[in-house]
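Me: I have a protein model open and would like to learn how to read it. Can we go feature by feature?

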Amino acid sequence: MTAAGAACVAYAAGFEARSYRLRRVDIPVLPPGLRPIRILQLSDIHMVSGQHKKRRWIQSLAGLRPDLVVNTGDNLSDPTAVPEVLDALGPLLQFPGTYVFGSNDYYGPKFRNPGRYLVEKARGQHGLNGKSAGGHGVVRNPWGDLRDAFDAAGWVGLSNTRGRLKLDHGPVLGLTGLDDPHIKRDRYAAVAGGPDPDTDFNLALVHAPYLRVLDAFTADRYPLILAGHTHGGQLCIPFYGALVTNCDLDTDRVKGLSTHTATGSTSYLHVSAGCGTNRYTPVRFACPPEATLLTLTPA
């Protein structure tokens, strides 16, 4: 039994956590007559200095030549890794892009017993659990350097704000995003009101897919919501799936494409399983790291 457990840990840390995949998903969500839009979603990079394979793999994704790059946060797991995040994303910064940040962009990670996620789920607790995000002893990441580089490349930041972005092949996107609900930085009142009617298509972005946020976006009739944060469960059981989502989203929707319904409206929801891990738990099991190429097509 001990040998089997050691073998699983060795596989999860030595192979699967670095077995990067590209998933392809088609979503029939565009208005009639609009040509397909190819979106590359990256999430939860959690870069640690020295992760050369991850950097090279992210750089290679530029060969997909997406119409839009969407970064749904948690780029860092090391306060010294900003240059390596920007090096990894460098070839992708030439494409139109948009982003939101997650808690690990703002604050450095701490070691947590993985069993606590199960305990918190049983108690119905998620996120801060009444604690302050920036309490004593918390490492503060240089997230402003990331923001400045993304903005300089023309990517649209969406921390509790709206934006527009014209794609190279013509359509204008309306973009609405929230800061991370996991640390209670989301301010939906600042962006409420629904999609921008003077654009061709509207997207909603958030790092952590908490139900209060999904309900609000869906009630406002956003056709598509993109999120990350969950790591797809990270340590999953083969033929069963995830045990936790690290938020109040159900495990059936921990990753991939699903729908969300609120007040009689339904939106598509895509949750990325992400391509990294917290530096203190660098393992994945039955849940390989990923990026996703989403092809939006007319409904």
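This is a predicted model: local features need pLDDT of at least 70, side-chain atom pairs count only at pLDDT 80 or more; totals for chains, interfaces and linings use all residues.

Me: Which strands pair here, and in what sense?

Reply: The general idea comes first. Strands of a sheet pair through backbone hydrogen bonds, either parallel or antiparallel. Now the case: strand S7 (residues 172–177) and strand S8 (residues 201–205) pair in the parallel sense, over five bridges.

Me: How many strands form the open sheet, and in what order?

Reply: Six strands form it, in the order S6-S7-S8-S9-S11-S10. The pairing is mixed. Strand S6 (161–166) and strand S10 (256–262) each have a single partner strand, so they stand at the edges, and one side of each is left without a neighbour in the sheet. Ignoring direction, neighbouring strands of this sheet are turned by 25° against each other on average.

Me: Which helix packs on the sheet?

Reply: Helix H7 (residues 211–219) does. H7 touches S7, S8, strand S9 (224–227), S10 and strand S11 (265–271). The direction of H7 makes about 70° with that of S10.

Me: Now two helices. At what angle do H3 and H6 pack?

Reply: The angle is about 25°, and their axes are 10 Å apart. Angles under 35 degrees count as roughly parallel. H3 and H6 are therefore roughly parallel to each other. Their crossing is right-handed. On the H3 side, the contact is made by Val 82, Val 85, Leu 86 and Leu 89. On the H6 side, Asp 145, Leu 146, Ala 149 and Phe 150 make it.

Me: What about the largest nonpolar core: how many residues does it have?

Reply: It has 33 residues. Those with the most contacts inside it are Leu 42, Ile 58, Leu 89, Leu 92 and Phe 150. Strand S2 (37–42), helix H2 (52–60), helix H3 (82–89), helix H6 (143–152) and strand S12 (290–298) each supply at least two residues of this core. H3 gives the most, with four residues. Apart from this core lies another, of 23 residues, among them Val 25, Ile 27, Leu 30 and Leu 68.

Me: Are Phe 239 and Asn 246 exposed or partly exposed?

Reply: Phe 239 counts as exposed, because its relative accessibility is 92%. Asn 246 counts as partly exposed, at 23%.

Definitions and conventions. Residues are numbered from 1 along each chain as its sequence is written. Side-chain values use heavy atoms; hydrogens and water are left out. A nonpolar core is a set of buried Ala, Val, Leu, Ile, Met, Phe, Trp, Tyr and Cys residues joined through side-chain atoms within 4.5 Å. Buried means under 20% relative accessible area, exposed over 50%, partly exposed in between (1.4 Å probe, protein chains only). Two strands pair if DSSP finds at least two bridges between them. Axes are lines fitted to C-alpha atoms, for helices over the stretch in contact, and angles run from 0 to 180 degrees between N-to-C directions. Contact means heavy atoms within 4.5 Å. Angles under 35 degrees count as roughly parallel, over 145 as roughly antiparallel, 65 to 115 as roughly perpendicular and the rest as oblique. A crossing is left-handed if the near helix is turned anticlockwise from the far one by less than a right angle, and right-handed if clockwise.
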